[in-house]
Amino acid sequence: MAEVELTVRVLRGPARASAAGGRYETYTLRADAGWSLLDVLEALQAGPAPDLMYRHSCHHASCGTCALRVDGRERLACLTTVGQIAAGRLGERTGHGKDYRLPRGARAAVTLEPLRSFPVLGDLAADFAEFFGKLDAVEADLVAARGEEATHFEHCITCGACMSACPIVASDLEYLGPAPLALALRGLQDPTKTGSDARRLAAADQPHGVWRCHHVFECTAACPAGVDPGQALMELRARLVRRRLGWREGARR
Amino acid sequence: MIGAGSTGAAIAHDLASRGIRTAVVERGEPASGTTGRNHALLHSGGRYVVKDPESAVECIQENLLLRRAAPGVIEETGGLFVAIDDEDLAYREAFLEGCRRAGVPAEEIPPDLARRLEPGLTESVRAAVRVPDAVIDPYRLVLSWLATAQANGAEVFPFTPVEAVEVRAGRVAHVVAHDLVHRRRLRLEAPVVINAAGPWAGRVAALAGVEVPVQPSAGVMVALAARLNQRVINRMRPPGDGDIIVPQRATSIIGTTSWNVESGDRIPVPPDHVRRMIEEGAKLLPAVREAPVLAAFAAARPLVAGNKESDGRELSRGFQVFDHGRDGAEGFMSVVGGKTTTSRLMAEIVADRVCEKLGVQQECRTRELALLPFHRFRWREGG
């Protein structure tokens, strides 16, 4: 595949309370159009930035570790290819193996920043400790149902993209946020009835819970797994209202 | 512990649960090497029953234990072995007999039932056998092991590459590591240091002035942007290229190939391997040919070098422990090889040896212990 002269601007810096306060370092390298951003970051680590910190694990959009801000929007580094960047097609879900018919000597530039509203362990690595604490609050450990019918892992990969994109999370760090609330709803729907629904509802029904959402749906736009947390939040609100009114869930009226 | 893949994380959990003070240093994110990029298969043992029955027995036993210990990281899909040509069909009897001997539950079902269960299967299915394969989330499993170890007092340092393994007077003395999170050098004194660096084990061993015969062997996997099957689908034949499709979340992952590489770093994904995966995968599920590729990726299995019997897909027992006392570094051990499915057993064997060295008498508890959820893991103390 075509080679691209890629200029990468990386927001680097030591551990800090938020992405702000780092400094931009610029690197230029020759990158294959078929590379993902994880290949680019590994090449930087092998060359000019040996201590570069970034998170990665599965390289196929299942583990939720590699979400970054790519030119200001949340993306999974594993699904973002050099070809997409050079062709201006960021966000296309299936860039791998696609030939963008780039001209010889193509050049491109990209800016990489850690997720917003997360503390930073260093460079591009967000610290998920507080986020994971919010998953704990809604008992987001769903168990795959047993039996003849095959059941799926949650589509939500807890990558944090929705938390970074959400303007409310940015202004209220205690706000549970889209992914934990979407998982609270999944917990309520879980046929195996694992975990405490009372705890999930209590977590959702508090000042930093589901009522904080201003329905801008940035979460749904940013989600790389098609979860639609915005819709889940609305459904959770509806459930809480029905409860306040004393309506039984699932009853016909 | 040096390394926080399946091996390091499972051993850290075992040691911490026996009350042994444990620290784990990992150069990057947990499970950022071979483990994170594995095929996500919780083996039933079916793939080993003919050529390596011992591994098959271990797989089915550990498969059942892990389901109990960490149900939240396992999708109980079940699996099918299907024969689609005469050659596959000739393997059927040996396969069923192997399953019977290894204790891998196997139920032969009529081909039309197999196609009702998995409508995407090729029309050429000639025989089908159900086995208890499952799908695992390897990243979350590693975090669960580490979180449980942390709760039992272990310290875990991600983003902390090892710089030196100091050996004095024939004994390992301490490890120096660069903690990139706190921007400090750590000096960890320990009577036992375990090298669980996977395909990088040779590099870590060299820091202590010893050698480990590890041969990294890469494999390509192709994740499709569609889930074409609900169960793990295996080709009923001896393990080979592109003979298994694992459904995980919204994808189907086809695997895998096998070739030798220098280290686990910067493994290329050869386009012809991707094409071969799609060609072979399409023989099982014809829709593979039309489905867009979500991601193609490669990882390096850390094989024990000189083991000519194996190309890594059918590695006997899967792992080896090297005690470097013989090489003039008492207390330094390397663990090479292994499979995520059988990591708990491997950890038990290694931890038994560590206890022996330390003169500690504590029984292994990991058969019964449930793991904490993955989201209890913390990247730094007080985090």
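How many of the residues of strand β18 of chain B are buried? In this predicted model, strand β18, which spans residues 293–304 of chain B, is mostly covered, with 12 of its 12 residues buried.

**Strand β18 of chain B**
- Strand β18(B) pairs with strand β13 of chain B, which covers residues 214–224, and the two run in the antiparallel sense over 11 bridges.
- Within this pairing, Ala218(B) has Ala300(B) of β18(B) as its bridge partner.

**The largest nonpolar core**
- The largest nonpolar core holds 207 residues, and the members that touch the most other members are Leu181(A), Ile2(B), Ile11(B), Ala12(B), Val82(B), Leu146(B) and Val222(B).
- Strand β18(B) gives the most to this core, with 10 residues, while domain 1 (3–122) and domain 2 (128–244) of chain A each supply at least three residues to this core.
- When neighbours within four places in sequence are left aside, Leu181(A) is in contact with Leu176(A), Ala204(A), Val210(A), Pro229(A), Ala232(A), Leu233(A) and Leu236(A).
- As a general background, nonpolar side chains tend to be buried together in soluble globular proteins.

**Phe157 of chain B**
- Phe157(B) is placed in strand β8 of chain B, which is made up of residues 155–157.
- Phe157(B) counts as buried because 24 other C-beta atoms lie within 10 Å, where the cut-off for a buried residue is 20 or more.
- Leaving aside neighbours within four places in sequence, the contacts of Phe157(B) are Ala23(B), Val24(B), Val25(B), Glu26(B), Ala177(B), Asp179(B) and Leu186(B).
- The C-alpha atoms of Phe157(B) and Val181(B) are separated by 8.6 Å, although these residues are 24 residues apart along the chain.

**The two domains of chain A**
- Chain A is divided into domain 1, covering 3–122, and domain 2, covering 128–244, and the centres of these domains of chain A, taken over C-alpha atoms, are separated by 27 Å.
- Between them, 14 residues of domain 1 of chain A are in contact with 14 residues of domain 2 of chain A.
- On the side of domain 1 of chain A that touches domain 2 of chain A, strands β4 (67–70) and β5 (73–76) of chain A each supply at least two residues, and β5(A) gives the most, with three residues.
- By class, that side of domain 1 of chain A has seven nonpolar, three polar and four charged residues.

Note on methods
Residues numbered from 1 in each chain as written. Chains lettered and ligands numbered in written order. Predicted model: local features only at pLDDT ≥ 70, side-chain atom pairs only at ≥ 80, totals over all residues. Helix = DSSP H or I, 4+ residues; strand = E, 2+ residues; numbered from the N terminus. Contact = placed C-beta atoms within 7 Å. Pairing = 2+ DSSP bridges. Domains from an automatic or database assignment. Nonpolar A, V, L, I, M, F, W, Y, C, P; charged D, E, K, R; others polar. Core = buried A, V, L, I, M, F, W, Y, C linked by C-beta atoms within 7 Å.
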